[in-house]
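Work through the exercises below with the model open beside you, and try each task before you read its solution.

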Amino acid sequence: MPERNNAPLPLEIKKALALVGFPFEPLIFARDPDGDVVTISVDCTSYPFTVGATFDSASGAFSRTADFVDIGKVKIQFLLSAGIKIKRVKLKLNAVSPLIF
């Protein structure tokens, strides 16, 4: 009987808040319950990667400095792969203005 292959388990970020003009740089982590190597990737042709966000799949470092046109909520999808199982994880990012009137 073949061994069961489980999907990777991400360290989920529940609420992410980015201030306009300041770098937002969380690390995206995941582990695999089977001990397989986890690969994390993104679609670099989608927003916010089309306007300057970066993701380093080797370190798991996501980076984005929001601008005033980015104010609001966005979902960023990461693909976690380990063995034959893939899990889609969405980071819900809310960009807000640091200006207080």
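**Exercise 1: the open space**

The largest pocket holds about 170 Å³ of space. The model is predicted, so that local features need pLDDT of at least 70 and side-chain atom pairs pLDDT 80 or more, while totals for linings use all residues. Residues are numbered from 1 along each chain, and side-chain values use heavy atoms, without hydrogens and water.

Task: state which element gives the largest share of the lining of this pocket.

Solution. Begin with the lining, which includes Val89, Lys90, Leu91 and Lys92. The largest share, four residues, comes from β9, a strand being a DSSP run of E of at least two residues, numbered from the N terminus. By class, the lining has six nonpolar, no polar and four charged residues.

**Exercise 2: the enclosed space**

Task: find how many cavities of 30 Å³ or more the whole structure has, and which strands line the largest one.

Solution. The search finds one cavity of 30 Å³ or more, and the volume of the largest cavity is about 60 Å³. Among its lining residues are Tyr47, Arg64, Asp70 and Leu93, and β8 (72-82) and β9 (85-96) each supply at least two residues.

**Exercise 3: a buried charge**

Solution. Asp32 is buried and has no salt bridge, with Arg31, the nearest side chain of opposite charge, 7.6 Å away; buried means under 20% relative accessible area with a 1.4 Å probe, and a salt bridge needs a Lys or Arg side-chain nitrogen within 4 Å of an Asp or Glu carboxyl oxygen. A polar atom of the Asp32 side chain does lie 3.0 Å from the backbone nitrogen of Asp34, and one lies 3.0 Å from that of Asp36.

How values were computed. 1 Å grid on protein atoms, 1.4 Å probe; cavity = no way out; pocket = protein on both sides within 12 Å on 5 of 7 lines; lining within 4 Å. Points joined across faces, edges and corners; volume = space filled by probe spheres on them. Buried < 20%, exposed > 50% of the residue type's maximum accessible area, 1.4 Å probe, protein only. Lys, Arg positive; Asp, Glu negative; His and termini not counted. Polar contact = N/O pair within 3.5 Å; in protein donor to acceptor, adjacent residues only side chain to side chain. Nonpolar A, V, L, I, M, F, W, Y, C, P; charged D, E, K, R; others polar.
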